[in-house]
Structures are given as C-alpha cells and as structure tokens.
Amino acid sequence: MLSLLVLIFYFSSQPAVKSDGLSKKVTKVIVDTVDKVLDLDNGKSGIDLVEKFNHIVRKYAHFTLYLLLGLLVVNGFRRSGVKGIRAFVISLLFCVLYAISDEFHQVFVSGRGAQVTDVFIDSAGSFAGIGIYLGVRNIVNRG
C-alpha cells in the first residue's frame, strides 16, 4: 500500500508538461493498439486521436490507481481486525482524504492545480475497489 501512495505522490509531483508527455505516450500506445485491432483511424492521424483521447486516459488512470488503493487499504484494515461496515467507512475515508491531499499537493507543482472532479473520480475508484474487495470476500466466505 505504501508503494502505491508513493507512486501517486510521485505522479502528482511531476510538472504539467512532464505529466502530459507521459500520459500522451501511454495514450499513443493504447490508440495504436486499438487502431490495429479495430481500424478506427478512418483517415485521421494518430496524433489527432491521441489528443482526443488523452484526457479520458488520464481520468481512467486516476480511477484505476485509486481502485487499487481502495483494495489495498480495505485489505489492510481487514487484516488489522477492522470488520464490516466500519472497514468500508474507514477505508473510504482514508482514500478520500488522500485524494484531497493529493489535489492540494498539486497546487504547489508547476503548471498543475487542484481539481475537484479528480477528487470525485479518485473517490469513485476507491469506492469501487473497496466494494469489489468486500463483495468478493462475501462470495468466498459463503462458498
């Protein structure tokens, strides 16, 4: 869990230009792969598609990182003896507070800023991760 917290902090510490460059590289790989499979290019340049989908990829990255964080946090609390709804609430609170602190941290990074929508996306990812963990745990315990 600590490694993921550090990774999130590291990504948030990158100036906007560097962060955007990294996400565009990831988006290009995704666009190129999907284009090979589905031939979506339709005469557009790959650059246009990267520009078009980069914002979406960035938001999915937020959701996915916090989904993983939610899984790890609730697992940690469950293993330390916190059970039931209490594990859910404490885990979600931890993740939401980390998301808020992460956005606040970005205010001090060149070209970056705090986005309330990112806190909501991060929180939704955490909620999903915690829910998946607890749902799978319930299914396993019943069987």
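Guide: Let's begin with L22, which is found in helix α2; helices (H or I, at least four residues) and strands (E, at least two) are DSSP runs, numbered from the N terminus. This is a predicted model in which local features need pLDDT of at least 70 and side-chain atom pairs count only at pLDDT 80 or more, while totals for chains, interfaces and linings use all residues. Residues are numbered from 1 along each chain as its sequence is written, and side-chain values use heavy atoms, with hydrogens and water left out.

Visitor: Why is L22 called partly exposed?

Guide: L22 has a relative accessible area of 37%. Buried means under 20%, exposed means over 50%, and partly exposed is in between (1.4 Å probe, protein chains only). L22 is therefore partly exposed.

Visitor: Which residues form the nonpolar patch on the surface?

Guide: L7, Y10, F11, L22, V26, I30, V34, V37 and L38 form this patch, with about 760 Å² of accessible area together. Areas come from the Shrake-Rupley method with a 1.4 Å probe, and for residues only the protein chains shown count as cover. Helix α2 gives the most, with six residues.

Visitor: What makes Y10 and F11 a tilted pair?

Guide: Their rings are 5.9 Å centre to centre, with 50° between the planes. Rings of Phe, Tyr and Trp (its six-membered ring) pair if their centres lie within 6.5 Å; planes under 30 degrees apart count as stacked, over 60 as edge-to-face and the rest as tilted. So the Y10 and F11 pair is tilted. F104 and F108, at 5.2 Å and 80°, form an edge-to-face pair.

Visitor: Why does F104 count as exposed?

Guide: F104 counts as exposed because its relative accessibility is 54%. F108 is exposed too, with 62%.

Visitor: What makes up the largest nonpolar core?

Guide: This core has 11 residues, including L4, L65 and V119. A nonpolar core is a set of buried Ala, Val, Leu, Ile, Met, Phe, Trp, Tyr and Cys residues joined through side-chain atoms within 4.5 Å. The largest share, four residues, comes from α3.

How values were computed. Patch = residues over 30% accessible without salt bridge, like charges linked within 9 Å, V, L, I, M, F, W, Y side chains within 5 Å. Salt bridge = Lys/Arg side-chain N within 4 Å of Asp/Glu carboxyl O.
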